[in-house]
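Thank you for making the time this morning. I would like to talk through a few residues, so please have the viewer open as we go.

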Amino acid sequence: MTESSNGSTSALQSTTNARTVETFLFALQDEDFDAADSLMADHIAWQNVGFPTIRGRERITKLFRRGQGKLGVKIHRIAAEGDAVLTERTDVLVLGPVRLQFWVCGVFEVHAGRITLWRDYFDTVDFLKATVRGLLAVPFPALRPTL
């Protein structure tokens, strides 16, 4: 693909890559694992910074399919330049009666319409606060966070 003098090809590719990431995240939220699987490259790497990297589309899909909780996503901002897509979002993990809600910054790389890298950064203190609030909200529902 060549870039025109006004950069329209690059802008179109960036928009397409951002849409791929949005579609992927919303497919996970909707538990449409076939759609999510189709958007990952076979050699994808999933990194939650500070934790071990998970490699491979089949392995990641298997983890989501057997997951014990539900994922929610609210995208606050998304920006793309070329193959890189950045997200600022709130993720929600629902594990039985416990709802955890926390801020996440994600970096994705998209090549040929497939995600090759998914790297999430989050504040462990924020995650710990979300866990405490989620646990306290079980007996005290007024504390339950909402998006």
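Leaving aside residues up to four places away in sequence, Thr87 touches Val21, Leu25, Arg77, Ile78, Val104, Cys105, Gly106 and Phe108, where contact means heavy atoms within 4.5 Å. Before I go on, please note that this is a predicted model, in which local features need pLDDT of at least 70 and side-chain atom pairs count only at pLDDT 80 or more, while totals for chains, interfaces and linings use all residues. Residues are numbered from 1 along each chain as its sequence is written, and side-chain values use heavy atoms, with hydrogens and water left out.

Thr87 itself lies in strand 4, residues 84-95; strands here are DSSP runs of E with at least two residues, helices are runs of H or I with at least four, and both are numbered from the N terminus. Is Thr87 buried or exposed? With a relative accessibility of 1%, Thr87 is buried, the classes being buried under 20% relative accessible area, exposed over 50% and partly exposed in between, for a 1.4 Å probe and protein chains only.

Turning to the backbone, Glu31 is not a glycine, yet has a positive phi of about 60 degrees. Glu31 sits in the loop between helix 1 (8-29) and helix 2 (33-38), and is partly exposed at a relative accessible area of 40%.

Ala112, also a residue other than glycine, has a positive phi near 55 degrees. Ala112 belongs to the loop between strand 5 (98-111) and strand 6 (114-121), and with a relative accessible area of 82% Ala112 is exposed.
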